[in-house]
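Here is a short note to read alongside the model. Please keep the sequence and the structure open as you go through the points.

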Amino acid sequence: MNEVIKYYRHFKGNKYMLLAIGQDSESLREVVVYKALYGDRKVWVRPKEMFFSTVLKDGIEVPRFKEISKEEAYAKEWGTTEVSCQQA
């Protein structure tokens with residue numbers, strides 16, 4: 001598993017932290033392990049090709065997940081663009 005910390009916004013608006021690229025034990029397909037930055041902060045797994053695919057939104061092709069900065073990922077939640085290491 002390749003551990004990576006990056007931040008993404010889903011095309012519907014919610015923000016997520018990408019934790020790692022892993023491998024499904026049955027299919028051996030690459031998967032993305034990511035955590036919601038809202039609500040109860042569930043950890044999710046999605047096939048890598050789906051995570052990095054595009055979708056149609058209002059008739060326009062957009063990324064399913066768009067990479068954003070750490071500051072942008074936490075700005076609205078804490079009401080600031082400053083992020084301490086303890087909060088991440």
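1. Start with Ser-69. Ser-69 is partly exposed, because its relative accessible area is 33% and that class lies between buried (under 20%) and exposed (over 50%), taken with a 1.4 Å probe on protein chains only. Ser-69 sits in the loop between β7 (65-68) and α2 (70-78). Its C-alpha atom is 8.0 Å from that of Tyr-8, although 61 residues separate the two along the chain.

2. A word on the basis. This is a predicted model, in which local features need pLDDT of at least 70 and side-chain atom pairs count only at pLDDT 80 or more, while totals for chains, interfaces and linings use all residues. Residues are numbered from 1 along each chain as its sequence is written, and side-chain values use heavy atoms, with hydrogens and water left out.

3. Confidence comes next. The mean pLDDT (the predictor's confidence in each residue, from 0 to 100) is 88, and 85% of the residues reach 70 or more. Over residues 80-88 the pLDDT is below 50. Beyond near neighbours in sequence, that stretch has 16 contacts in the model, a contact being heavy atoms within 4.5 Å. Where pLDDT is low, predicted coordinates should not be read in detail.

4. Now the overall layout. The protein has two helices and seven strands; these are DSSP runs numbered from the N terminus, helices being H or I of at least four residues and strands E of at least two. Along the sequence the pattern is β-β-β-β-α-β-β-β-α. Of the 88 residues, 28% count as buried.

5. Which residues make up the largest nonpolar core? There are nine: Tyr-8, Tyr-16, Leu-18, Ile-21, Val-32, Tyr-34, Ala-36, Phe-51 and Phe-65. Such a core is a set of buried Ala, Val, Leu, Ile, Met, Phe, Trp, Tyr and Cys residues joined through side-chain atoms within 4.5 Å. β2 and β3 (30-36) are the elements that give two or more residues to this core. A second, separate core has six residues, including Tyr-7, Met-17, Leu-37 and Ala-73.

6. Lys-15 deserves a look. Lys-15 belongs to strand β2 (residues 15-23). Lys-15 is buried yet has no salt bridge, that is, a side-chain nitrogen of Lys or Arg within 4 Å of a carboxyl oxygen of Asp or Glu. The nearest side chain of opposite charge, Glu-72, is 6.2 Å away. The backbone oxygen of Glu-72, however, lies 2.9 Å from a polar atom of the Lys-15 side chain.

Note on methods
Lys, Arg positive; Asp, Glu negative; His and termini not counted. Polar contact = N/O pair within 3.5 Å; in protein donor to acceptor, adjacent residues only side chain to side chain.
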